[in-house]
Amino acid sequence: MGGFMVDLAGKHIPEGVLFDAISETPKDIPDAIQLLTPCTMGNGRLKVINLGRYALSLFDMHEGNGIRVFLDLQKLHAWPEIKTWLFQLKAKIDQDKLLEEIQRAGPDILGIQPIQVCAEHIGKPERRRIATCILCGEAYPAQDGGICRGCQGEGPYLNTGDQEKLHAGPPGLKALAVEDAMGKELLHDLTQIIPGKSKKPAFLHGQQINIGDLCRLQQMGRRHVYVLDDNLPESDWVHENDAALAFARAMAGEGVSFSGPPREGKVSFTAARSGLFVAETERMERFNLLSGVMCASLKSYTMVDEQCTLAGTRAIPLFLPRGDFHRALSILQKGPLFRVLPMRKARVGVLVTGNEIFEGLVEDKFIPIIMSKVESFGCTVVRSLIVPDACDDISRGIESLLQAGADLLVTTAGLSVDPDDVTRRGLADAGATDMLYGAPILPGAMTLLARIGKAQVIGVPACALYFKTTSFDLLLPRLLAGITIERSDLAKLGHGGLCMECKTCTYPKCPFGR
Ligand SMILES: Nc1nc2c(c(=O)[nH]1)N[C@H]1C(S)=C(S)[C@@H](COP(=O)(O)OP(=O)(O)OC[C@H]3O[C@@H](n4cnc5c(N)ncnc54)[C@H](O)[C@@H]3O)O[C@H]1N2
Ligand code: MOO
């Protein structure tokens with residue numbers, strides 16, 4: 001079947017054109033392409049992009065234009081054996097007429113369509129820098145991270161070595177009875193907790209134990225302490241303090257500070273300035289998937305004051321196997337996990353839309369609401385206007401707000417489904433680009449985001465007249481922090497994006513938008 005498909009596609013490639021190939025399945029078709037054309041996986045001219053469809057394409061290797069051939073289900077009615085095979089309705093052993101049917105059908109069951117391959121799939125990938133993996137010692141593409149993908153845990157082989165190591169601990173670690181440990185240095189902070197009152201290290205890492213400590217240690221219930229004999233293969237193990245400090249250095253980005261030495265094996269992060277706390281949640285999750293390490297933080301997009309505690313990280317065991325340490329670090333290598341972004345004091349222009357407001361039939365209630373919300377962030381309203389529901393008036397209004405020096409434009413209402421809801425069109429006429437309309441937030445489903453030149457635009461639906469907290473409260477801090485909001489960012493807000501409408505609103509100390 002693959003042979004007929006390659007043959008049919010090849011007939012549509014003009015003589016002399018050098019072509020590459022894509023197979024949309026890893027089954028059968030790549031074999032036919034490699035046997036019948038110069039395109040192979042090895043020479044990089046055949047790509048398998050597993051879309052789960054029985055189809056292939058051949059295309060001009062420079063221009064990307066070509067032909068796609070697929071199994072056309074409409075044409076399969078006359079060929080029951082082929083249909084049975086395709087839908088896997090019978091065991092292969094019972095499909096005795098399949099080959100004969102394929103031969104008789106030939107290209108009759110195939111469909112073709114012209115295609116243009118997108119730029120990222122045209123041409124050969126660039127030459128990559130190759131590095132040596134510090135764990136397995138083999139060569140790998142440096143872009144994969146600090147260690148190779150095999151050692152990052154993507155390999156298909158069972159490797160329980162490090163897990164066993166993690167549980168066993170280092171071979172040179174010995175527990176001594178406290179009375180036998182006089183004069184030795186403690187290997188870690190020892191925590192004392194007075195329930196409900198305090199939790200702090202009573203003894204510090206590196207502290208020498210003397211006779212006077214004996215009683216205190218026993219009162220704390222410590223009968224044994226860890227000491228090191230000389231056999232610890234240092235290179236195989238990383239102490240909890242060294243691990244936590246290395247993680248902290250890699251995790252802290254702009255506006256985030258941490259201080260050493262770690263306390264009880266933990267490093268805490270604090271805000272070096274007031275602003276919006278942002279965490280790289282996906283990489284943080286990958287980090288936390290590794291056993292032997294942890295990191296916990298505030299929710300991303302929390303507004304924080306200077307000195308506010310943001311996060312903490314530590315190794316779980318006293319000594320972390322070096323392999324686990326590097327696996328954890330390799331996740332952090334792509335950049336910091338935590339930042340505190342400063343929030344600018346925007347110059348805000350407010351455009352209230354609505355015929356009934358413009359004509360004075362209904363008194364405007366939106367300007368004071370928007371004003372008080374933006375002013376709570378130190379922003380200034382440079383001008384506010386009320387215009388009717390007409391595209392020209394809206395776009396002229398926007399121009400006048402820009403002239404007044406607004407760099408954040410807030411429009412209100414006119415965002416729903418009535419014929420008079422023309423705010424979106426008015427904004428487009430005023431030159432709005434990168435428009436996102438609709439958000440998975442309740443209240444605030446009809447929210448609009450866009451920009452006009454360098455000015456940010458947010459369209460606030462009328463629900464913000466009634467509800468205390470809406471999409472506007474969730475998105476305004478991000479706009480002021482200069483964060484680009486894409487559709488995917490809005491999509492993430494859906495889970496947690498339903499306001500509980502409490503009688504007394506405690507936002508932002510509630511799960512709304514988290
Ligand atoms: N059939 C549908 N109805 C509604 C939908 C929908 O998808 N299908 N969406 C609902 C949602 S969600 C919201 S939120 C509102 C959005 O309304 P708009 O933003 O389009 O607002 P308007 O229709 O222009 O006005 C609604 C209401 O609010 C009063 N209003 C508006 N601006 C002011 C102001 N500055 N001061 C005082 N009062 C104001 C206006 O007079 C209307 O009574 O639509 C839902 N409906
Ligand atoms: O934009 Mo509307 O809030 O969903 O009420």
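T309 counts as partly exposed because its relative accessibility is 48%; buried means under 20% relative accessible area, exposed over 50%, and partly exposed in between (1.4 Å probe, protein chains only). T309 belongs to strand β18, residues 309–315. Helices (H or I, at least four residues) and strands (E, at least two) are DSSP runs, numbered from the N terminus. Between T309 and L298 there are eleven residues of sequence separation, and their C-alpha atoms are 8.4 Å apart.

The structure is a predicted model, in which local features need pLDDT of at least 70 and side-chain atom pairs count only at pLDDT 80 or more, while totals for chains, interfaces and linings use all residues; side-chain values use heavy atoms, leaving out hydrogens and water. Residues are numbered from 1 along each chain as its sequence is written, with chains lettered from A and ligands numbered from 1 in the order in which they are written.

**Buried positions**

D20 is part of strand β1, residues 19–23. With 6% relative accessibility, D20 counts as buried. Its side chain makes a polar contact with the side chain of R45 at 3.1 Å. A polar contact is a pair of N or O atoms within 3.5 Å; within protein, one must be able to donate a hydrogen and the other to accept it, and residues adjacent in sequence count only if both atoms are side-chain atoms.

Helix α10 (residues 322–332) is largely enclosed by the rest of the structure, because nine of its eleven residues are buried. Among them are D324, H326 and R327, as well as F325, I331 and L332.

**A hairpin**

Strands β9 (residues 190–194) and β10 (residues 198–203) run antiparallel and are joined by five bridges. Two strands pair if DSSP finds at least two bridges between them. Three residues lie between the strands of the hairpin, where G196 takes a positive phi near 75 degrees.

**The annotated segment**

An unreviewed UniProt entry carries the annotation "domain: MoaB/Mog" for residues 349–481. UniProt positions are given in the numbering used here, feature names are shortened, and annotations may be inferred rather than shown by experiment. Over residues 349–481 the chain is 33% helix and 26% strand, with the end C-alpha atoms 18 Å apart.

**The two ligands**

Ligand 1 has 20 residues around it, of which E356, D364, L415, S416 and M446 come nearest; a residue is near a molecule if one of its heavy atoms lies within 4 Å of it. By class, this shell holds twelve nonpolar, two polar and six charged residues. Ala, Val, Leu, Ile, Met, Phe, Trp, Tyr, Cys and Pro count as nonpolar, Asp, Glu, Lys and Arg as charged, and the others, Gly among them, as polar.

Around ligand 2 are L442, P443, G444, A445, M446, P461 and C463. The shell of ligand 2 comprises six nonpolar, one polar and no charged residues.

| Ligand | Residue and atom | Distance |
|---|---|---|
| Ligand 1 | E356, side chain | 2.5 Å |
| Ligand 1 | G414, backbone | 3.1 Å |
| Ligand 1 | D421, side chain | 3.5 Å |
| Ligand 2 | G444, backbone | 2.5 Å |
| Ligand 2 | A445, backbone | 2.8 Å |
| Ligand 2 | M446, backbone | 2.8 Å |
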